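I opened my notebook and went through one model piece by piece. Here is what I looked up, in the order I did it.

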Amino acid sequence: MSSEHDTAKPTPDRPVPGGFGERLARLITIYYAGERKRPGYARLAREISEKTGRAISGTYLWELATGRKRNVTLHQVGVLADFFGVPTDYFVDDEVAARVDAQLQLAAALRDTRVRNLALRADGLSPATLDALLTMVNEARKVQNLPVDDSAGPPPNEGGPGA
């Protein structure tokens with residue numbers, strides 16, 4: 001069997017590769033970001049059953065999210081994907097997970113009214129003004145010891161320094 005098959009997507013008798021628990025925990029955190037406290041796994045299991053019509057236990061969810069259980073069937077992956085509104089490949093494909101995580105991060109940021117207002121008010125500003133605002137935001141993030149995404153700057157020769 002070639003090494004390509006070793007990294008293939010899981011089959012019903014093959015567990016999902018590592019990272020599943022972290023991805024599930026991240027989805028739970030983002031899904032319930034507006035709440036003061038993340039719900040318990042029993043409540044989450046009830047909500048999953050109500051929304052999808054398919055049962056999953058709170059204990060099982062806890063085991064999956066904490067990495068204590070690693071043998072997940074495709075059926076269970078499908079239930080979780082349906083509930084969280086992500087493709088099933090999110091749990092098994094690093095590329096899909098990265099793309100979905102970026103979308104979820106944006107959606108979570110836009111839940112904050114101030115972030116949303118800032119984005120809406122920036123619409124229509126010139127590219128040079130948008131670049132200046134990005135620079136200010138990056139500097140503010142540095143001051144607050146937050147990660148800075150340098151990739152968010154202008155493309156080369158499009159209004160950035162040295163253009």
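I started with Leu 133, which sits in helix H8, residues 127–143. (Helices, H or I of at least four residues, and strands, E of at least two, are DSSP runs numbered from the N terminus.) This is a predicted model, where local features need pLDDT of at least 70, side-chain atom pairs count only at pLDDT 80 or more, and totals for chains, interfaces and linings use all residues. Residues are numbered from 1 along each chain as its sequence is written, and side-chain values use heavy atoms, leaving out hydrogens and water.

Is Leu 133 buried or exposed, or partly exposed? I got 29% relative accessibility, so Leu 133 counts as partly exposed. (Buried is under 20% relative accessible area, exposed is over 50%, and partly exposed is in between, with a 1.4 Å probe and protein chains only.)

Leaving out residues up to four places away in sequence, I found Leu 133 touching Ala 122 and Leu 125. (Contact means heavy atoms within 4.5 Å.) Ala 122 is 11 residues from Leu 133 along the chain, and their C-alpha atoms are 8.7 Å apart.

**Helix H4**

Next I looked at H4, residues 58–65, and listed its buried residues: Gly 58, Tyr 60, Leu 61, Leu 64 and Ala 65. Looking down the axis of H4, I saw these fall within an arc of 160°, so they line one face of the helix. (The arc is taken from the directions from the helix axis to the C-beta atoms.)

What covers the buried residues of H4? The cover includes helix H2 (20–31), helix H3 (41–52) and helix H5 (74–84). Just after H4, I noted Gly 67 with a positive phi of about 80°.

**Aromatic rings**

How many aromatic pairs does the structure hold? I counted 6. (Rings of Phe, Tyr and Trp, its six-membered ring, pair if their centres lie within 6.5 Å; planes under 30 degrees apart are stacked, over 60 edge-to-face, the rest tilted.)

One of them is Tyr 31 with Tyr 32, edge-to-face at 4.9 Å centre to centre and 70° between the planes. Tyr 31 is partly exposed at 33% relative accessible area, while Tyr 32 is buried at 6%. For Phe 83 and Phe 84, the ring centres are 4.9 Å apart and the planes at 85°, so this pair is edge-to-face. Phe 83 and Phe 84 are both buried. I wrote down that Tyr 31, Tyr 32, Phe 83 and Phe 84 form one aromatic cluster.
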